[in-house]
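Please read it with the structure below at hand.

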Amino acid sequence: MSDIPKDLKYTEEHEWVRMEGSVGVCGITDYAQEMLTDIVYVELPEVDIEIGQGEQVAVVESVKAVSDVYAPLTGTIVEINEELEDSPEMVNDDPYGEGWIFKIEIENDDELEELMDAEEYAAFIESMEEEE
Amino acid sequence: MKHTALHSEHIRLGAKMVEFSGWEMPVLYSSIIEEHNATRERAGIFDICHMGEFIVKGPNAASLLSGLIPTDINRLEPSKAMYSCLVNERGGTVDDLFIYMRDVDDFFLVVNASRKDTDLAWMRGHAPSSGVEIVDVSDETAKIDVQGPMSPDIMKAVFPDAGSEGLRRFYSLETTLDGETVMLSMTGYTGERGYELYMPVSASVSVWNRLLDAGKPFGLVPVGLGARDTLRLEAGYSLYGHELTEEISPVEAGLGWLVNSKDSHIGRDVLTSQKERGAPREIVCLRMRDRGVPRDGYPVARDGEEIGVITSGGFSPTFKVGIALALVKRGSVGVGERLSVMMRGRPRDAEIVPRPLYAYNG
């Protein structure tokens, strides 16, 4: 069973957000990294770019597959995890900690309400697995 | 979806299963990179039961085969195997396969799971009305591979015959285990010294588990389709549906060395002409200089002009960089030259390198 921390918000594209004031720290979920397997490259966004909710913002490459990462919220990229350039495997090892991908200064608190909480995300994953 | 006889063993070993050519197969057990490295450094064991096997026998067996493949069948002798391909009239590839000569009129063929039915119809469609029997034994034949530098020690622990001198590269022998006949062959598709084993399905679980147990002290691990693909890509081996298709000739795929038969065979004129004058396209091997992983279907360009496409690409666990095979216009690039791989619309720098990236370690 995937690790789904209670204090985070989730998207259907398997991104997570941890709010720190007006800044959302974002990454991909434990479920996503498990599905992708060994991550070998993360293409990070540029700092200061403005991005809309649901827009493609980063790329995660595993040994076998390439996967887009979407912005869970509208805002401006304020920081990126440059350590992933040399150690992309941190996304596998610690997806909610050292494997964070970017931080976004959010514009619209209402968008947070659209994201899933841990319980909803767990049910979402379960429904996806049943479909398989 | 079809299951191999080893399905419950894979589940027990915690494999992640995926659909592949109609079969539910393990893609990985722990991690593609770990399984890849274990095979390169120690040994890996693979369930390859999904592949197709045919027996072609009778006084006309050799002549049927020599009419279907561009490779000289006379290079075989009993117990010897060779890699070749079935070719269509246009020189395209119907399938690539291994042919084991068991006796002068008795051949054992191993074909791709996705092409088995096509191959069978193709061969039967070209067979003479008598003097040859083509039997599909895929359902009753299990195949397990043991590959890697420690594989001889592991094999000898289970099959004492594996140490015999007769079992050298591209040769096979029959032995028994618990009364079941097992064919051991020193062949494989990983770039490592290794073995492919053929046995009745009823013997497969026992053989699998005995090899796993015997291999423990040598660091043997089960390996899924994910690492099987990264291993063969590093070794520069062709994969049907990628480097080889009905539209790609073996000469274009870099397998011109298979075209050496003096016998009349399907596609002969096209292939000999391609070999002498050059084929329109060629497969080249790429190593990324920029970050990023080349994937199947990505265009490749030179000086802004698109000249071909990636046929197989991925991340190389050995070299820790993106690598690929690409089908390009012949003569457009040589070893040491640069190409751009278009990754999601952005050009990334790659270098043409000699094929294979990883030389056979036998």
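This is a predicted model: local features need pLDDT of at least 70, side-chain atom pairs count only at pLDDT 80 or more; totals for chains, interfaces and linings use all residues.

Between chain A and chain B the count is six salt bridges, while over all chains the count comes to 30.

## The interface of chain A and chain B

Chain A brings 17 residues to the contact and chain B brings 18 residues. The size of an interface is often given as the accessible area lost when the parts come together. Here the area buried between chain A and chain B is about 1400 Å², and carbon and sulfur atoms give 49% of that area. Of the area that chain A buries against chain B, 36% is supplied by A:Y41, A:V63 and A:K64, more than by any other three residues.

Polar contact across the interface of chain A and chain B involves 13 residue pairs, with both residues at pLDDT 80 or more. On the side of chain A that touches chain B, the elements that give two or more residues are the helices α1 (30-36) and α2 (83-86) and the strands β4 (39-43), β6 (56-62) and β7 (66-70) of chain A. By class, the residues on this side of chain A are seven nonpolar, two polar and eight charged.

## The second largest pocket

The volume of the second largest pocket is about 510 Å³. Its lining consists of 27 residues, and those closest to the centre are B:Y83, B:F170, B:Y237, B:W257 and B:L258.

Which strand gives the largest share of the lining of the second largest pocket? Strand β5 (residues 81-87) of chain B does, with three residues. Sorted by class, the lining of this pocket holds 16 nonpolar, seven polar and four charged residues.

## Backbone details

In chain B, the peptide bond that joins B:R355 and B:P356 is cis, with omega about 0°.

In chain A, phi of A:H14 is near 70°, a positive value in a residue other than glycine. A:H14 is located in the loop between β1 (9-10) and β2 (15-20) of chain A.

Key
Residues are numbered from 1 along each chain as its sequence is written. Chains are lettered from A and ligands numbered from 1 in the order in which they are written. Side-chain values use heavy atoms; hydrogens and water are left out. Contact means heavy atoms within 4.5 Å. Buried area is the accessible area (1.4 Å probe) that two parts lose on being put together, summed over both. A salt bridge is a side-chain nitrogen of Lys or Arg within 4 Å of a carboxyl oxygen of Asp or Glu. A polar contact is a pair of N or O atoms within 3.5 Å; within protein, one must be able to donate a hydrogen and the other to accept it, and residues adjacent in sequence count only if both atoms are side-chain atoms. Helices (H or I, at least four residues) and strands (E, at least two) are DSSP runs, numbered from the N terminus. Ala, Val, Leu, Ile, Met, Phe, Trp, Tyr, Cys and Pro count as nonpolar, Asp, Glu, Lys and Arg as charged, and the others, Gly among them, as polar. On a 1 Å grid over the protein atoms alone, a cavity is a set of points where a 1.4 Å probe fits but cannot get out, and a pocket is an open set with protein on both sides within 12 Å along at least five of seven lines; lining residues have an atom within 4 Å of a point. Grid points are joined across faces, edges and corners, and a volume is the space filled by probe spheres set on the points.
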